[in-house]
Amino acid sequence: MELSRWLLRTMPPRPLVVTVPGGTEARLAVERCVRERAWGTAFSPAEANILVVAGVAGHALEPLVEQLWGLIPAPRTRVDVQAANDAPRELDVAVSALHNVDYQHKQATEALSAGDRPESEAGRQEHGSHAEHRSHHSAPSGSGHAEQDQQQHGHHEHHGHHGHDMDGMQLAGGVPMAGRADDRDGLTLDQLHVPLGPLLPLWPPGLVVRTKLQGDVIQQAAVEVLGIGDARGDAFWLRPGRPLKARWLDASAALLAIAGWADAAAVARRLRDQVLTGTPQAEIAGPIRRWGRQVRRSRTLPWLLTGVGQVPDKPSTPRALAGDALTRLYRWVDSLADPKTSVAPPDVADGTPWAVDVLPSVLEGCELATARLIVASLDLDTDMLTVCEAHHG
């Protein structure tokens, strides 16, 4: 017992942060606390010992949060950060519970008891398989992604459903059966159904992308956003006076982290937090320019992002989303260096609704390994859809 207490006391916290619609402000506060405490972050349940849910998970997402919670090995703890001001206190509570041997023993005993019941195991299988896809999170040349394949069952409330009808035969436990069809080379290959989201780190809140794969190529894709009707927060980035530079730094950090450049992503998050806390422009302009030059000089990013996520070149395409992933990243970097960039006007036109509509066509024909890069490069603010639904509801 004394050895267990010592091991728990010395265990470093490693949070897995997932965001639900309306939880962007809480997520930013959590990330700031994690950075200031020099904690490492997890990109999959197997790496985590703390599950942090940013925002309020409603009836559509809470079952999936519970499913994700079941994938985290002991010792573990979960906290829900519903407001930005709650982040420091909730993280302190999480660390205390993580290091409490009595709490961990009780939790493990309850988990074992629940696991002995056949209906409990069947309930876990009913939500589908969570195959984790993660690679190259520590090297700048990677295209790392951490996907837990999450089958959505029942009649969850959602915003839209874009793409092709992907209904098919189901195996026991709700796992879709692999079909067969000709691929782009004329070969007959299995078609696998692999959903991405909605609870992934560095992922738009509530977004679900259901893909049909042949090999590692996405043949079909369908997109929906879960939990919009349950969101309690507003569209954080659309608040009057919200600095655009903070949003672009946040988007850049996510894209760079998924691309595997952890150091550049960490600098972007630090600069983002400084902008949000009101650091004077004269003090932060120099560090932003230096970071931007470093990103621009990278030889790996052009190799990794050129041609990825090319959006249709049409008159209706929002200017901020034109081009490929590399073009969009460079656009953010160049805009950050512009001293005239300050805040978004209250009536700023966000490209998220347009991007959600075209995302299936952008993903089709791409390799699965690039899917998260594409989504990150589009900077989808799914919180804005809560505003759209409120206006049209």
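Modeller: The description below starts with the whole chain and then turns to the sheet.

This is a predicted model, in which local features need pLDDT of at least 70, side-chain atom pairs count only at pLDDT 80 or more, and totals for chains, interfaces and linings use all residues. Residues are numbered from 1 along each chain as its sequence is written, and side-chain values use heavy atoms, with hydrogens and water left out.

The protein has 14 helices and ten strands; these are DSSP runs numbered from the N terminus, helices being H or I with at least four residues and strands E with at least two. Of its 393 residues, 51% count as buried, that is, under 20% relative accessible area with a 1.4 Å probe, protein chains only.

Within this protein, β1, β2 and β3 form an open sheet in that order, with parallel pairing; two strands pair if DSSP finds at least two bridges between them. β1 (15-19) and β3 (77-81) are the edge strands, each pairing on one side only. From one strand to the next, the twist averages 20 degrees. β2 covers residues 50-54 and is joined to β1 by five bridges. Thr 19 has Ala 54 in β2 as its bridge partner.

Helix α2 (residues 24-36) lies across β1, β2 and β3 and runs at about 160 degrees to β1. Helix α3 (residues 62-70) also lies across β1, β2 and β3, at about 150 degrees to β3. Axes here are lines fitted to C-alpha atoms, for helices over the stretch in contact (heavy atoms within 4.5 Å), and angles run from 0 to 180 degrees between N-to-C directions.

How values were computed. Buried means under 20% relative accessible area, exposed over 50%, partly exposed in between (1.4 Å probe, protein chains only).
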